[in-house]
Amino acid sequence: MRRLWLIFCQAVTASLAVVFVLTTLKPGWFSDRRTLAQFVPVQEAPPAASGSQAGAGNTAVSYAPAAAKALPSVVHVFTSKEVRQPRNPFADDPLFRHFFGDRNDPSASRRASGLGSGVIASPSGYILTNNHVVEQADEIEVALYDGRKLAATVVGRDPDTDLAVLHIAADKLPAVTFGAPEALRVGDVVLAIGNPFGVGQTVTMGIVSALGRSQLGISTFEHFIQTDAAINPGNSGGALVDGSGNLVGINSAIYSRSGGSLGIGFAIPASLARNVMEQIIKNGEVTRGWIGVEVREVSAEQAVSLGLPAQDGTLVTGIVNGGPADKGGVEPGDLLVSINGKAVGGPQRMLETIAALPPGADATLSLRRGAKTVESRVKIGKRPPPDAGS
């Protein structure tokens, strides 16, 4: 009896040990179905179509098709120029020349290089870029998306808008598609494409932060698109495209205290760039109207002190001798209110209104001279190079 009791106790002990192992240690061969599920392959959802929702509640989209459309149209622009070495004051000393040779000869020079970007605007080889990218260059090379490198020539430059047109000897090039200017809105997604810091073709994304930015001091005629898409040195002259890959601007400048992108970049609207390009290709230059005045904005306090009845206009502060305004009887201190019946709200608008008139055309200026209203007939002249008067 005692032997049977001992066997029973041993059996119970063994059973308890098995239960403890199974419930506490949970070896891999004893698992519930939920644990085994981790070893079963799970079928993943297929990638969402570009520009469409990836699934219920998922609003992620891809702009890969837009980038793929625009990337072949954006080129790298490499420039170089010859820089004369400064003359060494000891260059004519025989002893100095004996030990150091003619390394400091005044005729010695070196090549300085620069880089930027450009946009193929036509299949026949015309390329849009910034004037500041090429203005000092005596040699220009363009690297295409397909790896080819071709010499480029300057067709024409327009410092007033910081635009330039280049040409390369090639055809059937992947020209960019110009977007509709009126379709762009604040908040629209845009992509900036270029060659920042020379690292290679790069795409950054942002939104249109503002439209029609002016009075920034970047160029004479300013209607900039502001964007927070990262734009850095080397991006100048590159493309700003919309979510469909259409050109909406030429990247031109950044606001930065450090030299890097701070999310405030500026692009020249594609419509303005196209107009400038077409004039340069046709005439070799951009022709704008000019009347020969210096102007500035007038404040309410200045209007009162000058005895002017209103501040809605542009104050004439100077006249170019013999210019159209001088011949038309305009005087310093006049308040220019309208041109051909079109109201002038400020210096920038006045400048653009005059520039849009063809040289040789007649224009009627409405002026306030003290308490009097005066009309002046002027013949529009041709705008001279920058810094030669308005």
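In the predicted model, Asp 146 and Arg 148 form a salt bridge in which the closest N and O atoms lie 2.9 Å apart; Asp 146 is exposed, with a relative accessible area of 52%, whereas Arg 148, at 39%, counts as partly exposed. This pair belongs to a set of 10 salt bridges found in a search of the whole structure. Within helix 6, Glu 278 and Arg 274 are 4 residues apart and thus separated by about one helical turn, and they are joined by a salt bridge with a closest N to O separation of 3.4 Å. Both partners are partly exposed, Glu 278 at 44% and Arg 274 at 40% relative accessible area.

A salt bridge between Arg 369 and Asp 334, with closest N and O atoms 2.8 Å apart, links distant parts of the chain, since Arg 369 lies in strand 18 and Asp 334 in the loop between helix 8 and strand 16, 35 residues apart. Asp 334 is buried, at 1% relative accessibility, while Arg 369 is partly exposed, at 22%.

The largest nonpolar core comprises 27 residues, and Leu 128, Phe 178, Leu 247 and Ile 250 have the most contacts inside it. Several elements each supply at least two residues of this core, including helix 3, strand 6 and strand 11, and helix 6 gives the most, with 5 residues. Beyond its neighbours within four places in sequence, Leu 128 is in contact with residues including Val 165, Phe 178, Ile 250 and Met 277. A second, separate core of 17 residues includes Val 330, Met 350, Ile 354 and Val 374.

Note on methods:
Residues numbered from 1 in each chain as written. Predicted model: local features only at pLDDT ≥ 70, side-chain atom pairs only at ≥ 80, totals over all residues. Heavy atoms only, no water. Core = buried A, V, L, I, M, F, W, Y, C linked by side-chain atoms within 4.5 Å. Buried < 20%, exposed > 50% of the residue type's maximum accessible area, 1.4 Å probe, protein only. Contact = heavy atoms within 4.5 Å. Salt bridge = Lys/Arg side-chain N within 4 Å of Asp/Glu carboxyl O.
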